[in-house]
Amino acid sequence: DASDIEKGTYPHYMLKEIDEQPLVMRKIVQAYQNESNDLTIDPSIVGALNEADRIYIIACGTSYHAGLVGKQFIEKMAKIPVEVHVASEFSYNMPLLSENPLFVFISQSGETADSRSVLVQIKEQGYKALTITNVPGSTLSREANYTLLLHAGPEIAVASTKAYTAQIAVLAILANVTGRSKGIEMEFDLVQDLGIVANAMEVLCDKKEEMEEVARQFLSTTRNCFFIGRAVDFYVGLEGALKLKEISYIQAEGFAGGELKHGTIALIEEGTPVVALATQESVNLSIRGNVKEVVARGANPCIISMKGLEEEDDSFVIPEVNELLTPLISVVPLQLLAYYAALHRDCDVDKPRNLAKSVTVE
Ligand code: AGP
């Protein structure tokens, strides 16, 4: 309950929740470790994934963005095909389902009506569901066959932060454990890599002044802002744009770098802020090329890169982590960017207009 959770010395819940992310990462690893410190997931859940010929992830908003990252994990580590759908669209736009689908609902609150209506529909058709949620005993948890908890602690700010990173971490663990159960070899140690992520998050949370300055420089007066990325950076850009629009009311759009030339570049004017993410080596040259294209049309570029890929004029460099896990840390500067933009524009950070923490109507 919001009234029971103290903000402590924090001016806003959102900032407190951003800062809690390293701790949440460590809690999740602990919660999913057995006595011999191996990652473990309830065997009936791993069995359900292994029996499925396709996984359908259903979610809304930020949880949907976590699902997009989760798809990569499940396909790469567990080799099961995944589709990710926005819950509200899925009900009437249902794709042709595979023979043995498993549904995975991702919901911080576990109460989102759009997701629940899909759950009701697929249960009527006899399909099984796993809910990944922060709230034990929530509707989506009770009504699904299986539940995995996020262990993120109550999230009060309307803008979701620690739940997003918790969802991604739990999805990584689920994919990793499922893949290993089938004998798929992992080239990395996820426990160790999530520890590195937690440390990197701490480093980022200590650099708030830098992000405040970036927000002041790029976002204090602008009407709009674009986020571009390629591969997984595209998904993180979508989340960065959502965060910014919901609390600062700046019109923000996230899209794939390659799509620029197919339309959005027409909107670039003198001074338009473009946040570009560059954390993936395989697409680094291409995203840098996109930055040049927008700069040539007057854009004000804010490049957030990963150590090892950084260039001289980048606005912010995040520490190096496992390339699969970069969304866990590249999102932190974007959360801070949104926070400080909202603060500088005198917006109600924790309770933005027109929004509710959990959307219990369809
Ligand atoms: C996130 O910042 C939003 N407030 C919103 O998109 C949210 O993620 C969405 O409503 C889904 O909520 P849930 O995770 O509780 O289902």
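## Around the ligand

Helix α4, residues 61–78, supplies the largest share of the shell around the ligand: three residues. The model described here is a predicted one. The shell holds 15 residues, and G61, T62, S107, S109 and T112 come nearest to the ligand. By class, the shell has four nonpolar residues, 10 polar residues and one charged residue.

## Helix α4 against helix α8

Helix α4 also packs on α8. The two axes come within 9 Å and cross at roughly 20°. An angle under 35 degrees counts as roughly parallel, so α4 is roughly parallel to α8. The crossing of α4 past α8 is right-handed.

On the α4 side, the contact is made by T62, S63, H65, A66, V69, G70, F73, I74, M77 and A78. On the α8 side, the residues are Y164, Q167, I168, L171, A172, A175, N176, T178 and G179. This contact has 11 nonpolar and eight polar residues, and no charged ones. One of its α4 residues, T62, is also among those nearest the ligand.

## Helix α8 and its other partners

Helix α2 spans residues 21–31, and α8 spans residues 162–181. Their axes lie 10 Å apart, at an angle of about 30°. That angle is under the 35-degree limit, so α2 and α8 are roughly parallel to each other. Here too the crossing is right-handed, with α2 passing α8. From α2 come Q21, V24, M25 and I28. From α8 come K162, T165, A166, A169 and V170. Six of the contact residues are nonpolar, two are polar and one is charged.

The axes of α8 and α13 come within 9 Å and cross at roughly 170°. Angles over 145 degrees count as roughly antiparallel, so α8 and α13 are roughly antiparallel to each other. In this pair, Y164, T165, I168 and A169 of α8 meet P327, L328 and V331 of α13. The contact divides into six nonpolar residues, one polar residue and no charged residues.

## Two buried residues

A198 sits in helix α9, residues 190–205. There are 23 C-beta neighbours inside 10 Å of A198, so this residue counts as buried. Setting aside neighbours within four places in sequence, A198 is in contact with P22, M25 and R26. A198 and V321 are 123 residues apart in sequence, yet their C-alpha atoms are 10.0 Å apart in space.

I303 is in strand β9, residues 300–306. This residue counts as buried because 21 C-beta neighbours lie inside 10 Å. Not counting residues up to four places away in sequence, I303 touches A276, A278, V291, D314 and S315. One of these, D314, is 11 residues away along the chain, and the C-alpha atoms of I303 and D314 are separated by 4.8 Å.

## An exposed loop residue

D206 is in the loop between α9 and α10, the latter being residues 208–219. D206 has 10 other C-beta atoms within 10 Å, so it is exposed. Along the chain, D206 and D19 are 187 residues apart, while their C-alpha atoms are separated by 9.0 Å.

## Two positive phi angles

H151 has a phi near 55°, a positive value in a residue other than glycine. H151 lies in the loop between β5, residues 146–149, and α8. With 19 C-beta neighbours inside 10 Å, H151 counts as partly exposed. The cut-off for buried is 20 or more.

N354 is not a glycine either, and has a positive phi of about 65°.

How values were computed
Residues numbered from 1 in each chain as written. Predicted model: local features only at pLDDT ≥ 70, side-chain atom pairs only at ≥ 80, totals over all residues. Axes fitted to C-alpha atoms, helices over the stretch in contact; angles between N-to-C directions. Helix = DSSP H or I, 4+ residues; strand = E, 2+ residues; numbered from the N terminus. Parallel < 35°, antiparallel > 145°, perpendicular 65-115°, else oblique. Left-handed = near helix turned anticlockwise from the far one by under 90°. Contact = placed C-beta atoms within 7 Å. Nonpolar A, V, L, I, M, F, W, Y, C, P; charged D, E, K, R; others polar. Buried ≥ 20, exposed ≤ 12 C-beta atoms within 10 Å, placed from the backbone. Near = placed C-beta within 6 Å.
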